[in-house]
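This report walks through a few residues and ring contacts, one group at a time. Please keep the sequence and the structure in view while reading.

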Amino acid sequence: MSQSRLSPVRLLTALPFVLALAFTMFAGLSLSPATPQASAAMVSAARAGNAVGWAKTRKGMPYRYGSTGPRAFDCSGLTRWAYAKVGKSLPHSSAAQVSKTKRIKKSNRRRGDLVFFYGGGGVYHVGLYAGRNKIWDAPRPGERVKRTKIWTGRVFYGRVK
């Protein structure tokens, strides 16, 4: 018997590696051009801008802890509601919304990006970037939805996926 042949045991041992290699080689291929790719594609600038437009329509609505609109909001409730209006689902907490975004540099921010405020060990607030260093947000009890200047440097930006 020749040394070049694989025994059945060696063949079975190598099979998982061969399958893994084949899977990695063909995983990115689409079977049809109409098949959408499952990716973490980010929301377009137009769609994000429309979310800002929806947030603007809620100007003057009261803050209410845990509210997701349409007549009262908390901070993440407003961002969630505005993005739902453009067909994008977000969870209802500022910390959970971080996981639905791709972090971006301040220099790359655009209207509709989420602005996360952090301190004390975590994210405590979120708003929609409105341009010119301002956000639309539902700030706190006793206040109403409004456009306001970003008041601290302890923020980071996320683009909705």
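Ile150 is found in the loop that runs between strand E5 (146-149) and strand E6 (155-160). The model is a predicted one, and in it Ile150 has 6% relative accessibility, so it counts as buried, the cut-off being under 20%. When neighbours within four places in sequence are left aside, the residues in contact with Ile150 are Arg109, Val115, Phe117, Tyr129, Asn133, Lys134, Ile135, Val155 and Tyr157. Between Ile150 and Gly127 there are 9.4 Å in space, C-alpha to C-alpha, while in sequence the two are 23 residues apart.

Asp113 belongs to another loop, the one between strand E1 (101-104) and strand E2 (114-119). Is Asp113 buried or exposed? Its relative accessibility is 1%, and therefore Asp113 counts as buried. What does the side chain of Asp113 meet there? A polar atom of this side chain lies 2.7 Å from the backbone nitrogen of Arg110, and the side chain of Asp113 also makes a polar contact, at 2.8 Å, with the side chain of Arg159. Apart from neighbours within four places in sequence, Asp113 is in contact with a set of residues that includes Tyr83, Ile104, Gly127 and Tyr129.

The aromatic rings come next. The count of aromatic pairs comes to seven, and two of them are set out here.

| Aromatic pair | Arrangement | Centre to centre | Between the planes |
|---|---|---|---|
| Phe73 and Trp81 | edge-to-face | 5.6 Å | 70° |
| Phe117 and Trp151 | stacked | 4.3 Å | 15° |

Because Phe117 lies in strand E2 and Trp151 in the loop between E5 and E6, this pair ties together parts that are 34 residues apart in sequence. Phe117, at 0% relative accessibility, counts as buried, whereas Trp151, at 46%, counts as partly exposed.

Over the ring of Trp54 sits the charged end of Lys85, at 5.1 Å from the ring centre. A further arrangement of this kind involves Arg103, whose charged end sits over the ring of Phe156, 4.1 Å from its centre.

How values were computed
Residues are numbered from 1 along each chain as its sequence is written. This is a predicted model: local features need pLDDT of at least 70, side-chain atom pairs count only at pLDDT 80 or more; totals for chains, interfaces and linings use all residues. Side-chain values use heavy atoms; hydrogens and water are left out. Helices (H or I, at least four residues) and strands (E, at least two) are DSSP runs, numbered from the N terminus. Buried means under 20% relative accessible area, exposed over 50%, partly exposed in between (1.4 Å probe, protein chains only). A polar contact is a pair of N or O atoms within 3.5 Å; within protein, one must be able to donate a hydrogen and the other to accept it, and residues adjacent in sequence count only if both atoms are side-chain atoms. Contact means heavy atoms within 4.5 Å. Rings of Phe, Tyr and Trp (its six-membered ring) pair if their centres lie within 6.5 Å; planes under 30 degrees apart count as stacked, over 60 as edge-to-face and the rest as tilted. A charge sits over a ring if NZ of Lys or CZ of Arg is within 6 Å of the ring centre and within 35 degrees of the ring normal.
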